[in-house]
Amino acid sequence: LNITGNTEAVIITGGSISSTDTNAIVNATSGIVTATVSADTAANLNTNLVNATATDVLTLTVSAGSVAATDLTALDNKTSVAVNAAAVTALIGTAAEIQAAYTANTAGTISGLGNEAVTISDETSAVNINGILSKTSGVVTATVTSDTAASLNSALTNTTGNDALTL
């Protein structure tokens, strides 16, 4: 692929194209690339779109399944369009990584989060876990930093009987 001057904007029409082909086009120009990329896992999209930047106008859809929160936030930095994460069934990562994904969802740069299961991989405070609990109706699995019973009871106001919290 040779784009004259390597600075032209490129607009792909006629349907979706693979993330690998999209990356080849992005790599061939410093101009903004506009395309609808075929749905794939967040990990595959990240791996294949290594040259994409936040100025590109890439419509990205994450396929169903478990997703590392860092993969979602990395995709968020590869396009100026909201990353569609509506099919995500589970979000995995540290409390800070998961909170970053929910912050992007609230900001509208990631869309579709709110009903997935969440697994928090690090021990974190009840206040932090409660903030994550307020962002999803899915089951949250986490280890809560030790505290007094009164403090834990006061902080964990968004928990349900389905959540799996280790206190």
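Me: What should I know before I start?
Reply: Residues are numbered from 1 along each chain as its sequence is written, and side-chain values use heavy atoms, with hydrogens and water left out. As this is a predicted model, local features need pLDDT of at least 70 and side-chain atom pairs count only at pLDDT 80 or more, while totals for chains, interfaces and linings use all residues.

Me: How many helices and strands are there in the protein chain?
Reply: Helices (H or I, at least four residues) and strands (E, at least two) are DSSP runs, numbered from the N terminus. Here the protein chain has six helices and ten strands. Its C-alpha trace spans about 65 × 25 × 20 Å along the principal axes.

Me: What share of the residues is buried?
Reply: Buried means under 20% relative accessible area, exposed over 50%, and partly exposed in between (1.4 Å probe, protein chains only). Of the 167 residues in the protein chain, 38% are buried.

Me: Which residues of H3 are buried?
Reply: An α-helix has 3.6 residues a turn, so residues three or four places apart point the same way. In H3 (residues 69-76), the buried ones are Ala69, Leu72, Thr73, Leu75 and Asp76. They lie on the same side of H3 because they cover an arc of only 155 degrees around the axis, the arc being that of the directions from the helix axis to the C-beta atoms. Their cover includes helix H2 (42-48), strand S6 (88-93) and helix H4 (95-107).

Me: And which residues of H5 are buried?
Reply: In H5 (residues 126-133) they are Ala126, Ile129, Asn130, Ile132 and Leu133. These fall within an arc of 160 degrees seen down the axis, so they line one face of H5. They pack against elements including H4, strand S8 (117-120) and strand S9 (140-143).

Me: Which residues have the most contacts inside the largest nonpolar core?
Reply: In soluble globular proteins, nonpolar side chains tend to be buried together. A nonpolar core is a set of buried Ala, Val, Leu, Ile, Met, Phe, Trp, Tyr and Cys residues joined through side-chain atoms within 4.5 Å. The largest one here has 41 residues, and Val62, Leu72, Leu91 and Ile120 have the most contacts inside it. H4 gives the largest share, five residues. Among the residues that Leu91 touches are Leu72, Ile98 and Val118.

Me: Is Lys78 buried or exposed?
Reply: Lys78 sits in the loop between H3 and S5, and it is buried, with a relative accessible area of 11%. Its contacts include Asn46, Ala54 and Leu58. The C-alpha atoms of Lys78 and Ala54 are separated by 4.5 Å, although these residues are 24 apart along the chain.

Terms used:
Contact means heavy atoms within 4.5 Å.
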